[in-house]
Amino acid sequence: MQTTLTAIAVITVGYIFAYLIFDRLRDRYGYVGGAEYVVIGFLLGPRVTGLLDAGQVQDLTPIVSLALGWLGMLLGTYFRLPTMALIDGDHLRIAFAEAVATFTIALAALLAIFRYLVGAPWPEAAVLSVTLAAVATLSSPVAVDALVDRFRSRSRVPPVLQLAARIDALVAVAAFGLVLAIFHQGDVAPGVRPPTATEWSVINLAVGIASGVLFHLFLGPRGHLDEGRLFVALAGAIVVASGASYYLNLSPIFTTLILGFILVNSGSAHRDVTRLLLSTERPVYLALLLFAGAAWSPGSVDLLFIAPLFVLIRVVARFLGGRIAGGYVAPPELRAPGLGRGLLALGGLGVALALNYGQVYPDLHPRLVLTATLLSVLLFEIVASGEASAFLMSLGPRAPERVGEVTDLTPVAGNR
Amino acid sequence: MIRRLVVLALLVGGALLLEPLRVPTEGVIAPRSLFLFGILLLTADTFGALAHDLGFPRLVGYLVAGLGLGPSVLDIVPPGVLQDLSMMKQLAVGLIALLAGAELRINDLVTRYRAILWILALQTAVVLLGLTVLTLILRPWVPFLAGLEVASLLFVAFLFAATLTVNSPMVTLGLLTETGADGPLAKTTLGVVLVADVVVILIFTVAFSLAQASLGGATAGALDTLFRLLREVVGSILAGCLVGGVLTLYLRFVRRELVLFAVVLVFATAAAAQALHFELLLSLLVAGFLVENVAPVRAEPLVDVLHVMAVPVFVVFFAMAGADLRLQAFMALWPVILAVALTRAGLIYAGTRAGARLGEAEPVVTRYAWTGLVSQAGVALGLATVVADRLPRLGLAMHTVIVGIIAFNESVGPILFRYGLDRAGEIRVR
C-alpha cells in the first residue's frame, strides 16, 4: 500500500513540477509542446513507479493505435483537391524539393551510420534508416500555422512554409508505410503464398482505399450525425482501418492518411470531419506523448550516442534541405535559403511513427527509435519556436493587424 | 440505414478476406481485437440509431449489437477479444462514475432525501424478502438449490435475492444523458440508484458471508470477509476523497487538457484500486460528487468534457456489455428466469410505490420511479462472477441463472425507464 501511495505522490509532484517548468517555457519562448506529458508517462511507467506495469502499458495498445490512426487521418484531410488545385506550382515545387532533399540527406547519413558504423545488415540498416529519416523529415503543421498566424508577414514565403510542413509529413508517412510493406514482418496462414513486397504495398494501399470508400458511404450526407455520433463513427472508422493495418503489420498512419484523403475529397461532410479531427488533435498528441513516456526505457548507448547523433543529423538535413529548396529551386521572389529554420518543430506524427515502428518491429531496436524521437521532440519543441520566429522576422515587415480577419493564409489551411 | 448495414456486412467480409494474411498471434492485445472492436463500435452505433428510429432507447440498440456480434450469436467478437479490451470497459465505467458523481447535486439530495431513503429501504426490503421466498418456492426447478440442507437453502436463496437487488447506475445515467431528462423522477431515480449501489454491496457482502459459512466453506472467515468488504467500501470513499482532492487541485491550478486528464485519472485510479483493493466505481463517484458539491472550484468545465465524452463511452460500455450476455443461459432456464425476473419487477413496483408514498414524493415519482430500478448491468454481473468464483460448489449454476435474469433486465429495463421518463414529461432530447 505504501508503495502505491508513494507512487501516486511521486507522480503528482512530478507532474506539477514539470508543468511549472514547461509553463515558464511556454510563457517566455512560445513553447507549444507537451514535454510534461512525457515526464508524467515516464513516472507512471515501469521504469520509475511501476504504477503502470509493462502489461498495462501493452493493454493501452488499442488507444495508441487509435491515436496513430487519428493523426494519420488528420494529415489526410489536409489534402483536399479543390483547394490543392489553387496552390501555385512554384509553392508545390519548393515544398516537395524541401521534403525530398531533407529525407534523402537524412537517409544517406543514417544509412552510413547503421551500415558502416554500427555494422547492421542491409535490411536492418534500411528499415532503421528509413524510419528515422522519416521522423527527421517531419515538421509540425500545427506549430508552423500557429507561428505564421502570429507573425502575419507580408512576404509570400509563409504559405510555402505551411505547405512544406504538410508535404514533409506526406513524404515521411509514405516512406514509412512503404518500408513496412517492403520489409514486411509476420507469417501468413499455412497454405497461403506469402505476398511479395509489391503485393504488400498494394494491399496497404487497398486497405486504405477500401476503408475510405466504405466510410464515405457509412457517414452519409452532411448534418446526418450530431457531434457525439460523428465522433463514434469516426473513431470506429479509424479503429477498423488502423486495426486492419495493425493486424497485417502494416502502417495504420499510412492507411488512415488515405482514409482521410478520400473522406475529405468525396463527402459533403468534410468540414465536420476536419473540424472534429482538429479539435481533438492536441489531446491525441498529448496522449501519445504520455504513452511514449510510459513505454520509454532508454539504453545508455542510445542516449549517449545514437540519439544525439540523430538530433544532429536532423538539424543538418533540415538546414540543407531548406537551403536546396529555398535557395536553388525557388524562383527569385520566393527565395528563402533559411526555409529549414522554420520547419524544426517535430510534432505528434514523429512520436506516432516511433510507436508504430515499435509495434511492427519489436525486435529491431524500438527503444533506440523511440529514444531518438523523444529526444528530438523535447529539444526541437524548445528551440523550434525561436528559430522559426527569427526566420519569419528575416522575411520582412509584418502586415497590419485587422480585427475580425479570417486567417486563410494558404489554400491548404483554408480546409479548416 | 440499409446503406450502413451493407457497409457493415462488407467490413465483416473484408475481415474474413484479410484473416489468412496473418497467423493468429497470442499477445497481450491480439492484433485482430482492435479491428473487431472497431466493427463492434460501428455496429453498435448503427443499431443505436435503428433503435432510436423505432422509438426505443439507443442503449438497447448498443446491447443488441453487442449480443449479435458476441459469443452468444455470431461469435464475430469472441470472449478473448472482450478480455483483450477489458481496459476500454474499465475506462468507460470510470468516466461514467465520475460523471454520475458530478451530476448528484447536494441540494437535490437534501430536498429529496426522505423520498430517496424510503424508496431505497422499502424497495430493497421487499425485493430481498420476496425473491428469497420465491426462490424457496421454486426450489424444485432451481438447479443450484438441489440437495441443500435447510440452513444452507435459506442463506443461498438470500444470496441469490441479494444479487438481484442490485440496480444499474450505468443504465440510469446512460438513459438520462441520452434523453437529457431533468425533473423529479430523473433526480430521485438517480439518487436512489447511486445510494443503493453502496447499500446493496454491503447487503450482498453479508449474504455472501452467511451463505459461504452455511456451506461449510469458511465459517471462521465469515466475519473476516465482512470486515474486509466493509474496509473496501470505506477505502473506496477515502480514495474518492483523495481523487477528488487531486481533481480539485487540477481544476484550480491547471485546468488544461481536461479530456486527457480525466482519462489518465481513471486509469491511475483503476491501477490504485487494483493494488489497494477498493471499488473504482464508488471511489470515482465520490470524487465527482465532492468536486461538484464541496470543492471550492467550478466543476462545469469537467462536467462539460465528460458530457462530450459520454456518447462514445456509453456505446463502448453497452456494446461490450451486450457481447458479454449469454443467450444460452437464458434459453436453458427460461421459465425460471422469466418467473424470477417478472416477480422482481413486480416487487420493485410495489416497494417503490410504497416507499415513495411514505417519503411524500411527487405523484410522478410514485407512479414511475419503479421503471428506473428494473435495469441491471455491470455491477450485478460483477457480483455474479464473485459468486461463481468463490462458491465453487454451486456458484457456477447460480451464475448461469443470474446472468440469464440480468440479460432480461438489461434488455427490458432501459425501455421501461424511457417509458417512465416519457410519461413523466421529463424527456428533453428526442
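**Chain A against chain B**

Student: How many residue pairs are in polar contact between chain A and chain B?
Tutor: Two, and both are at pLDDT 80 or more. Keep in mind that this is a predicted model.

Student: And how many salt bridges between chain A and chain B?
Tutor: The count there is zero.

Student: Which element gives the largest share of the side of chain A that touches chain B?
Tutor: That's α11(A), with 14 residues. Other elements giving two or more residues to that side include α1 (2–29), α4 (61–77) and α10 (197–219) of chain A.

Student: How much area do chain A and chain B bury between them?
Tutor: About 4,800 Å², with 76% of it on carbon and sulfur atoms. In chain A, the residues that lose the most area to chain B are A:Phe218, A:Arg229 and A:Tyr247, together 18% of what that side buries.

Student: In contact terms, how many residues are in it from each chain?
Tutor: 55 residues of chain A are in contact with 46 of chain B.

Student: New topic: A:Arg314. Is that one buried or exposed?
Tutor: A:Arg314 is buried, yet has no salt bridge. It's found in helix α15 (residues 300–329) of chain A.

Student: What does the side chain of A:Arg314 reach, then?
Tutor: The backbone oxygen of A:Ala136, at 3.0 Å. Residues that A:Arg314 touches also include A:Val135, A:Leu138, A:Ser139 and A:Phe380.

Key: Residues are numbered from 1 along each chain as its sequence is written. Chains are lettered from A and ligands numbered from 1 in the order in which they are written. This is a predicted model: local features need pLDDT of at least 70, side-chain atom pairs count only at pLDDT 80 or more; totals for chains, interfaces and linings use all residues. Side-chain values use heavy atoms; hydrogens and water are left out. Contact means heavy atoms within 4.5 Å. Buried area is the accessible area (1.4 Å probe) that two parts lose on being put together, summed over both. A salt bridge is a side-chain nitrogen of Lys or Arg within 4 Å of a carboxyl oxygen of Asp or Glu. A polar contact is a pair of N or O atoms within 3.5 Å; within protein, one must be able to donate a hydrogen and the other to accept it, and residues adjacent in sequence count only if both atoms are side-chain atoms. Helices (H or I, at least four residues) and strands (E, at least two) are DSSP runs, numbered from the N terminus. Buried means under 20% relative accessible area, exposed over 50%, partly exposed in between (1.4 Å probe, protein chains only). Lys and Arg count as positive and Asp and Glu as negative; His and the chain ends are not counted. Lists of a residue's contacts leave out its neighbours within four places in sequence.
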